[in-house]
Amino acid sequence: MPPRKPLTPSDVPRPVDTPPAEALAKVKAKPVSKALAKPAAKRKPKAPRPLEPALVDEVFTRFHEANPEPKGELEHVNPYTLLVAVVLSAQATDAGVNRATRSLFAVADTPEKMLALGEDKVREAIKTIGLFRNKAKNVIALSRTLIDEHGGEVPQDRDALERLPGVGRKTANVVLNMAFAQPTIAVDTHLFRVSNRIPLAPGKNPLAVELGLEKIVPDRFRLHAHHWLILHGRYVCKARKPDCPRCLISDICRFEPKTVI
Ligand code: SF4
């Protein structure tokens, strides 16, 4: 028997399901069928353009005719109790705050009386409101600051208000508007939504909306503008389902899609 020849690599059989590299290189990539292709990202609808001045005027004219003297819904008996009520209203409903403050303000409607009542009793009185521990601390601290630095009075000045514990720009705006009739615009969640939907003064944050509204709201409507818009957002242009069929500016509003009956 002749001696066996040694095997070379070309003698070794290739597994049947492994195509030669040259063959693979020749195979052209097939185009992915359209049906399998990743759907193109949905285009965001173009933001509607803000209302022109004549339409802004018409919006506020209608709000004024429907409700000439809109009022805030936080119960209070003087600027001090208004200030406390607004501080308590952060992340809480006005109705919830009113339920807690009725008995509190009956015994403490001045900074002096609030300090005399003390933090424990304030905390107990407002325990049904969210963040009540921190808010009770702030009510006591701001009462002390009012006595020490402002003769027990609520200052009519934005900077001084914003220096009080627990008081931010929105709270200062509400107090300046409601207690001192200054034409400020306090942007809460309702007003922010409504202004962006209509749109009146669209903005990415409350300050942008506030400054935008200050530029476009006609002077004669400025004092009540924020109440009209807040009430409109709370009762008509609601967050989940705006009540467009009942809306008195639905023919002007550019929000899509509007709800239908
Ligand atoms: S029409 Fe609808 S979306 Fe526009 S402001 Fe009125 S309730 Fe809001």
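Author: A helix here is a DSSP run of H or I of at least four residues, and helices are numbered from the N terminus. The model is predicted. N173 belongs to helix α9, which covers residues 169-180.

Reader: Why does N173 count as buried?

Author: A residue is buried if 20 or more other C-beta atoms lie within 10 Å of its own. N173 has 23 C-beta neighbours inside 10 Å, and therefore counts as buried.

Reader: Which residues does N173 touch, leaving out those up to four places away in sequence?

Author: They are T184, I185 and A186. The cut-off for contact is C-beta atoms within 7 Å.

Reader: How much of the protein chain is buried?

Author: Buried residues are 31% of the 261 residues. Of the contacts with a separation of 6 or more, 57% are between residues 24 or more positions apart.

Reader: What helices and strands does the protein chain have?

Author: It has 12 helices and 0 strands. Read from the N terminus, the order of elements is therefore α-α-α-α-α-α-α-α-α-α-α-α.

Reader: What makes α10 and α12 roughly perpendicular?

Author: The axes of α10 (residues 189-197) and α12 (residues 222-235) form an angle of about 90° and are 8 Å apart. Angles of 65 to 115 degrees count as roughly perpendicular, so α10 and α12 are roughly perpendicular to each other.

Reader: Which residues bring α10 and α12 into contact?

Author: On α10 they are H190, L191, R193, V194 and S195, and on α12 they are H226, L229, I230, H232, G233 and R234. By class, this contact of α10 with α12 has 4 nonpolar, 5 polar and 2 charged residues. Gly counts as polar, so G233 of α12 is placed there.

Reader: How do α3 and α4 pack, and what is the hand of their crossing?

Author: Helix α3 (residues 79-88) packs on helix α4 (residues 94-107) at about 145°, with the axes 11 Å apart. Their crossing is right-handed. T81, A85 and L88 of α3 meet V97, T101 and F105 of α4. The residues of this contact are 4 nonpolar, 2 polar and no charged.

Reader: Which residues are closest to the ligand, and what classes make up its shell?

Author: The ligand is surrounded by 13 residues, with C237, P242, C244, C247 and C253 the closest. The shell has 9 nonpolar, 1 polar and 3 charged residues. Cys and Pro count as nonpolar, so the five closest names fall in that class.

Terms used
Residues are numbered from 1 along each chain as its sequence is written. This is a predicted model: local features need pLDDT of at least 70, side-chain atom pairs count only at pLDDT 80 or more; totals for chains, interfaces and linings use all residues. Axes are lines fitted to C-alpha atoms, for helices over the stretch in contact, and angles run from 0 to 180 degrees between N-to-C directions. Helices (H or I, at least four residues) and strands (E, at least two) are DSSP runs, numbered from the N terminus. Angles under 35 degrees count as roughly parallel, over 145 as roughly antiparallel, 65 to 115 as roughly perpendicular and the rest as oblique. Two residues are in contact if their C-beta atoms, placed from the backbone, lie within 7 Å. A residue is buried if 20 or more other C-beta atoms lie within 10 Å of its own, exposed if 12 or fewer, and partly exposed in between; C-beta atoms are placed from the backbone. A residue is near a molecule or strand if its C-beta atom, placed from the backbone, lies within 6 Å of it. A crossing is left-handed if the near helix is turned anticlockwise from the far one by less than a right angle, and right-handed if clockwise.
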